[in-house]
Amino acid sequence: MSKEKIKINTEFYDIMPVEYQELVEEGTYGKEGRGWKDVGESKELIEEHSLCAGCPESIAFRYVLACLPNPEDTIMVGSTGCTSLVFPHVAVHNIHSLFGNQNAVASGLKRALSYRFPDKVKDVVVLAGDGATVDIGLDMTLQSWFRQEKFTTICFDNELYANTGGQSSGLMQKGFVAKMAPAGKKFEKVNLPEIAKVSGCHYVAKMTVSKPNRVEKAIRQAILIAREIGPTYIQLYTPCILEIGKQMMEGLQEMRDSEGPNKRFEFEEYISEEAKAYLKTVAPKKKKRKEISA
Amino acid sequence: MESNSQIGTYNKKGQKIVDPDYLFYEAPREHFFMTGSEVVREAIRRASVDVSISYPITPQSEAAAMVGDLWVEGYVGEYFRGENEFAVMGECAGASFGGARVFTTTSGPGTLRAYENFPMWVGSRLPIMLNMMVRGVNSPLSIQPDTLEIGLIIDTGMLIWHAESAQDFFDYLLKGFIVAEQPDVHLPIAVCIDGFFVSHTKDDVLIPSADLALPTYNPYKNPMPVMDMEVPPVRMMRDPFVMKSNYISYATQASWQQETRAACERSRKHTIRLLGGLIEEENTDEEILIVSSGTAVAQGREAARLLAEEGIKIGIVKIKTIRPFPYEEVRQATKNAKIIFVPEFNVAGWMAREIKAAIPDNQRVVEGPHVAGGMTMPPEVIVEEIKRVLAQRKETTTHV
């Protein structure tokens with residue numbers, strides 16, 4: 001579909017920023033079967049990021065943007081935190097409004113877009129950290145699922161409040177010593193994927209971002225299911241290397257170490273019966289890209 | 001997309017889309033005897049609202065539920081009950097970011113629960129119509145009329161209008177959309193009424209035919225990009241403005257706040273035209289004035305009538321817009337006044353503070369009478385206060 005809407009008037013072409021020119025020339029809006037392999041081979045929808053060097057969140061962000069099935073008609077909703085430092089560099093419309101209200105904003109947005117564009121697909125994707133999703137915004141996260149709002153919620157789980165300096169969050173592991181949990185966190189890591197299942201999500205996945213094929217498949221399925229069936233949830237481990245005392249080259253290993261059998265980020269996926277039936281109807285399209293097993 | 005191109009067409013309910021001025025001033029109107037809640041229903045029926053989100057809290061619940069009926073009937077595009085007011089105002093923001101005309105209602109503690117959203121709406125230039133049916137916010141729990149919450153939202157940057165009667169209320173709701181959505185304004189608007197006194201009492205209201213409706217909102221007149229991916233995504237911002245400790249970041253933040261305040265100021269010209277001025281004056285050549293907003297003005301008017309029977313002449317200034325505040329108008333209207341009474345339905349006296357900040361020689365302002373916590377303010381209370389102060393002044397003058 002449309003690069004039309006981002007095309008530059010020829011009269012103004014030369015005064016546009018080079019990044020924008022590149023987006024028009026080499027961006028992947030409308031490309032069939034776009035995915036993580038476009039990263040590095042075409043103009044990404046994320047220009048640059050202002051995260052720490054080596055932050056796994058940065059590669060997770062790039063994968064998510066590269067794997068959106070319909071970026072030219074996708075609107076993202078963020079929240080306060082490290083992710084909000086990246087969104088200004090992202091070439092799809094995105095909203096930051098307050099801390100924790102992302103699923104409320106997305107609910108209103110999706111409904112307004114469905115009403116205004118009844119004959120068009122407009123995907124809404126929430127991307128927020130664990131503090132926003134599970135602590136301050138939990139009410140709105142769950143309520144949007146109860147109401148069967150048709151959008152995808154992605155949580156970048158770094159198991160703490162990174163942007164404010166490493167405070168304990170609901171997704172932090174029990175016993176972990178952090179700011180505001182000076183004697184160690186007293187309760188278990190909140191099991192949001194399980195809660196998501198019983199709260200009405202039709203697709204739930206928990207994983208690290210060490211395996212981009214897996215991330216790509218999950219993002220694509222989550223967005224397609226949200227479009228047609230109902231709410232979907234993906235929880236991605238994006239460790240805050242700074243706050244857990246890792247070097248900038250150690251993020252990938254930290255993710256690998258956390259996703260083994262019985263580890264807290266062992267890959268888990270849930271698909272409702274309704275969503276499974278729907279996925280079968282779109283399966284032929286998906287076969288265009290062959291998956292490489294990890 | 002021009003709203004003008006819609007004029008004369010019919011919407012899916014068969015309502016004829018008419019020029020707003022025609023709806024406000026020319027369309028034949030009929031008398032109805034109805035509550036403030038019903039006024040909301042009839043205004044919104046004619047307002048081409050795309051999205052409305054509700055939450056129960058007294059005294060606005062009835063009106064909010066009636067908007068749901070309008071959705072079932074097909075007059076409102078999308079409607080649901082949110083989970084709490086903080087979330088509801090976020091949901092309204094999302095819908096407005098997505099290019100919808102949005103209406104919601106709230107009251108008292110709900111307003112304060114939602115508070116964080118209001119400056120965000122302003123900074124995001126979302127022209128959401130918020131109807132506040134104001135009530136007590138104090139503890140112990142009170143659901144009774146009290147205007148304290150208006151004073152608490154004064155500096156959020158929203159347009160704030162205060163309706164005195166059911167007729168004001170009907171007109172302000174419809175005219176409010178038009179002013180708030182002007183490209184040079186494009187800000188949220190709170191249309192306030194005094195809970196119960198206006199929401200739950202019946203009053204005579206002149207209303208145009210239900211076969212007429214306002215033009216729909218054109219989101220592409222927005223000074224900000226609409227978040228619908230129908231226009232190019234704005235990006236390539238090398239530095240996000242948030243949390244950067246540098247001069248450009250501070251200057252950007254500061255200038256945007258100045259711009260949103262300036263947008264509020266720019267609403268004056270549209271509001272003056274549509275409301276016939278930001279204030280309404282009666283007998284302001286008198287030396288004693290009552291100046292206030294909302295139902296306090298109605299009570300003041302009655303007090304003036306009672307005092308006139310005793311030969312004491314009182315002028316009235318009704319303030320229609322709290323933001324932008326009619327500084328110049330109030331200065332002019334009060335220039336001959338020796339004593340200015342400001343009756344209010346709240347314990348804080350925020351309206352008296354506003355007036356004192358607006359006029360020279362502000363020792364002329366008498367803050368009160370005040371009632372709070374749901375107490376009514378019979379005209380006799382105002383009469384008594386005026387007589388008390390006049391007697392006191394006379395005594396002081398005699399001694400001097």
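This is a predicted model: local features need pLDDT of at least 70, side-chain atom pairs count only at pLDDT 80 or more; totals for chains, interfaces and linings use all residues.
Residues are numbered from 1 along each chain as its sequence is written, and chains are lettered from A and ligands numbered from 1 in the order in which they are written.

The strands S4(A) and S8(A) belong to an open sheet of seven strands with mixed pairing, in the order S2-S1-S3-S4-S8-S7-S9; its edge strands, each pairing on one side only, are S2 (94–95) and S9 (268–271) of chain A.

Between the chains, 34 residues of chain B are in contact with 38 residues of chain A, where contact requires C-beta atoms, placed from the backbone, to lie within 7 Å. The largest share of chain B's side, nine residues, comes from helix H4(B), and that side divides into 19 nonpolar, seven polar and eight charged residues (Ala, Val, Leu, Ile, Met, Phe, Trp, Tyr, Cys and Pro count as nonpolar, Asp, Glu, Lys and Arg as charged, and the others, Gly among them, as polar).

Helix H3 (residues 102–116) of chain A packs against H4(B) at an angle of about 40°, with the axes 6 Å apart, and this makes H3(A) oblique to H4(B). Angles under 35 degrees count as roughly parallel, over 145 as roughly antiparallel, 65 to 115 as roughly perpendicular and the rest as oblique. Among the residues that meet here are A:Leu109 and A:Arg111 in H3(A) and B:Glu91 and B:Phe97 in H4(B).

Some backbone angles also deserve a look.

| Feature | Value |
|---|---|
| cis peptide bond, B:Thr58 to B:Pro59 | omega near 5° |
| cis peptide bond, B:Ser139 to B:Pro140 | omega about 0° |
| positive phi, A:Met180 | about 70° |
| positive phi, B:Ser48 | near 50° |

A residue is buried if 20 or more other C-beta atoms, placed from the backbone, lie within 10 Å of its own, exposed if 12 or fewer, and partly exposed in between. A:Met180, with 14 such neighbours, therefore counts as partly exposed, whereas B:Ser48, with 22, counts as buried.

Conventions
Two residues are in contact if their C-beta atoms, placed from the backbone, lie within 7 Å. Helices (H or I, at least four residues) and strands (E, at least two) are DSSP runs, numbered from the N terminus. Axes are lines fitted to C-alpha atoms, for helices over the stretch in contact, and angles run from 0 to 180 degrees between N-to-C directions. Two strands pair if DSSP finds at least two bridges between them.
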